[in-house]
Amino acid sequence: MASYVEVESIFYAAIVLMTWSWLYKGDNPFYKIIEHATIGLFLAVSAQGVIQAIQTRIVGPLTVGALFPALPFLMLGIFTLTRMVPKLRFMSIWVIALMSGVGTGVAVKGVVIPMIIKQTIINPWTSPNIFSNINNVLVWVATITTLIYFVYSIKREAFGGVVRVLAEIGRIFMMLGFGVVLAGFLFVAGINVTGVGTYLVQYPGYYVTAIGTVILIGYIIWSRNHQKK
Amino acid sequence: MSWTRRREIPIVIYIVSMIFILFSDYTGLMKDTSTVMLTSVIVIVAFTFILGLIQLGRLHISRIQKLKTDWPYSVLLLATFIIYLILIYYRGTPYNLALTLVFTPINLVIALIGFREMSILYHGARARNIYSLLLIVSAVISSLYQAAIGALIPGVNQLGSWLNDVPNTGVSRAIIIALGIGIIVIFVRGLLGLEKSYLGEV
Amino acid sequence: MIKREYQDSIVYILFIFVAILPVVYPLGIPNSVTPAATDYYNAIKGLPQGSVVLIEVYSDIRAWFTMGPSTVATIKQLIPMIQGGQIKGIVFTTTSDAGPLSIPLIERMATATDVSSKLKYGDQWALMGWIPGFETAQAQMAQDFRAAVPRDYYGTAIDQLPILNGIKKISDFQLIIINSDSNLDAYVRQWGGKGPKILANIDISVLALTKPYLDRGIINGYMTPVKLTSEYEKLVGFSGFGSALNEGQSTVQVYIVLLIIAANVIYFRERQRKK
């Protein structure tokens, strides 16, 4: 009788290989099975979350007679669904306007101090550590020149070409900074493949890998013979 | 045109709700109403999901009824949806098995994370000019710095740390300031009625 | 010259081989503990008596390998502190855009740390489920937590969960740990500077945009996948998935560097040939 860990390894290996089949052949039956199963699973999980949200905020309060704010919430929900009815679609725009207005207000109320004021505070340039001072100056230069780079309402030739020079310095700092960001994105790439690849090379997943490899080789040979004919 | 369809109504709703949230936050008055407004967004998001679920359901049921291409996969999709939804509600061993043996591995690999990045890197990471060369050199040093092997290569830790602490921090601060100013600009445009994205207009 | 469609296949196959190699043949790359890991560990260790910790999970199950190990290690550090009475407990929430897909990640983390058998649900830990609305939900949690989250994931009313007694707004928590593979701007806007310490379990790609908040003290510590997590696991006292992925990460990064070099060599040779 197989243990749970062994069964898990087989399932993981099979699903990984079925999904990775896209890398060789694009859309194929194995990949399409996984793709459609994924959407079905996503829908189920989303539906459960949505049902719970509505149960908590509308159905539950209404069943105990608490009409406010459950009834207005129900009205807003119905207005949202009018998007499917062309003659009543204008009601859904009211709801979107409410959502956008609240969202903008929420974003604005927290933006000024952490995202603007605090980011303009400069670290000291006069500490005992000269390298720290130089680095703090460079951070300040990087910030200012990057902002100048994105100001398109001033011509680059303005002020005797000074704007162009500062924008180019900003561009250099941006390339260095974006290289770090690129490295970050590439970092994620490897972890996932290592993690799921583990199931392909450990017992009993490697049997699934072997079967998958045989199927792939068989398919390559068959398609080559088919092409020759 | 009926007054209910006038575009001024959603504009007024947008401006009033935006100002009310700020008013309530800065003065501390009418917090209960502000809480109700915030909760209303939670409810609207939930109903938007329902909208999406209905549209997707209609698409796939239509595909099955008309026996269009790939209709068996639509059957699989709807069957997976119904079965997993039932399992979520009737928790226990079947749900745990479905979660760990099917849901989790599918989610881990479906995005094919890593492969697209490698392909893009191979075809795109070419030093066509000095700026792309700087980007590539910075990416190489940071990649090694982020891994344990970077500590074994002389200079990588120091350079990687400097790249992180100086140009990266400076540029990120500028981007965050720009984002913050952008949010305030959207607020001002909204107040002036120039913001039309929520109306479906460009 | 190899055809372009085969070039991609070769890149993919080599990538898979390099990523899996250390699983089969461990390389034994040493890993020392850095100040960032120590700061994160000490920030949790120094929590005052009776603290309630909020763990907000933005990532979803697709980020299990990148974002899972760091929070698993965090929970493993917190569990003995809860059992010993130093802190009151942990509360899990998610306001993620991915919606309920974050719940399976939380469940998997809970399973990996055996939370349900080590801690008492309701008294020492709670799962509050998904609160739709992302930043709006966060704003409401900051203002009125009990109205934002009236029930937990299993339908129990918040008043029946002793761990949340006295929690009315976000500032009533002593520590917030945000698990996110996306930028933290919304969290900073709504929860930053409200009182509780904030620790960020973030993806490396997000560290760049998080550094300004770390410098300004709005976020008090961070943890990133694999390398830093493996150091943190050493401090907590176990060898988990972070450590296991560490070597795979090193070989992949070397492969990336070699791939970039190869791509540029091919590019310059093609340019010379065209001239």
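Student: Left-handed or right-handed: how do helix 2 of chain B and helix 6 of chain C cross?
Tutor: This is a predicted model. The crossing of helix 2 of chain B and helix 6 of chain C is left-handed.

Student: How many charged residues does the contact of helix 2 of chain B with helix 6 of chain C have?
Tutor: Helix 2 of chain B brings residues including Lys31(B), Leu38(B) and Ile42(B). Helix 6 of chain C answers with Thr136(C), Ala137(C), Ala139(C), Gln140(C) and Gln143(C). By class, the contact of these helices has 5 nonpolar residues, 6 polar and, as charged, 1.

Student: What area is buried between chain B and chain A?
Tutor: The contact involves 99 residues of chain B and 100 residues of chain A. Carbon and sulfur atoms give 81% of the area buried between these chains. The total is about 9300 Å².

Student: How far apart are the closest N and O atoms of the salt bridge of Asp25(B) with Lys109(A)?
Tutor: The interface of chain B and chain A has 2 salt bridges. Asp25(B) pairs with Lys109(A) in a salt bridge. Their closest N and O atoms are separated by 3.5 Å.

Student: Which three residues of chain C supply 16% of the area that it buries against chain A?
Tutor: Chain C puts 48 residues into the contact and chain A 47. Together they bury about 4000 Å², with 68% of it on carbon and sulfur atoms. The 16% share of chain C's buried area, more than any other three residues supply, comes from Phe65(C), Arg189(C) and Arg216(C).

Student: How many salt bridges are there between chain C and chain A?
Tutor: Two chains are in question here. Between chain C and chain A, the number of salt bridges is 0.

Student: How are helix 1 and helix 7 of chain A oriented to each other?
Tutor: Helix 1 of chain A, residues 4-25, comes within 8 Å of helix 7 of chain A, axis to axis. The axes cross at roughly 120°, and the crossing is left-handed. Helix 1 and helix 7 of chain A are therefore oblique.

Student: How many nonpolar residues are in the contact of helix 1 with helix 7 of chain A?
Tutor: Residues of helix 1 of chain A, among them Tyr12(A), Val16(A) and Trp20(A), meet Val193(A), Val196(A), Tyr199(A) and Leu200(A) of helix 7 of chain A. The contact of these two helices has 1 polar residue, 1 charged and, as nonpolar, 9.

Student: Where is Pro204(A), whose peptide bond from Tyr203(A) is cis?
Tutor: Most peptide bonds are trans. The bond from Tyr203(A) to Pro204(A) is cis, with omega near -10°. Pro204(A) is in the loop between helix 7 (162-201) and helix 8 (205-228) of chain A.

Student: What is the omega of the peptide bond from Phe68(A) to Pro69(A)?
Tutor: Pro69(A) lies in the loop between helix 2 (29-63) and helix 3 (70-81) of chain A. The peptide bond from Phe68(A) to Pro69(A) is cis, with omega near 0°.

Student: What is the phi of Met30(B)?
Tutor: Met30(B) sits in the loop between helix 1 (8-27) and helix 2 of chain B. Most residues other than glycine have a negative phi. Met30(B) has a positive phi, near 50°.

Conventions:
Residues are numbered from 1 along each chain as its sequence is written. Chains are lettered from A and ligands numbered from 1 in the order in which they are written. This is a predicted model: local features need pLDDT of at least 70, side-chain atom pairs count only at pLDDT 80 or more; totals for chains, interfaces and linings use all residues. Side-chain values use heavy atoms; hydrogens and water are left out. A crossing is left-handed if the near helix is turned anticlockwise from the far one by less than a right angle, and right-handed if clockwise. Helices (H or I, at least four residues) and strands (E, at least two) are DSSP runs, numbered from the N terminus. Contact means heavy atoms within 4.5 Å. Ala, Val, Leu, Ile, Met, Phe, Trp, Tyr, Cys and Pro count as nonpolar, Asp, Glu, Lys and Arg as charged, and the others, Gly among them, as polar. Buried area is the accessible area (1.4 Å probe) that two parts lose on being put together, summed over both. A salt bridge is a side-chain nitrogen of Lys or Arg within 4 Å of a carboxyl oxygen of Asp or Glu. Axes are lines fitted to C-alpha atoms, for helices over the stretch in contact, and angles run from 0 to 180 degrees between N-to-C directions. Angles under 35 degrees count as roughly parallel, over 145 as roughly antiparallel, 65 to 115 as roughly perpendicular and the rest as oblique.
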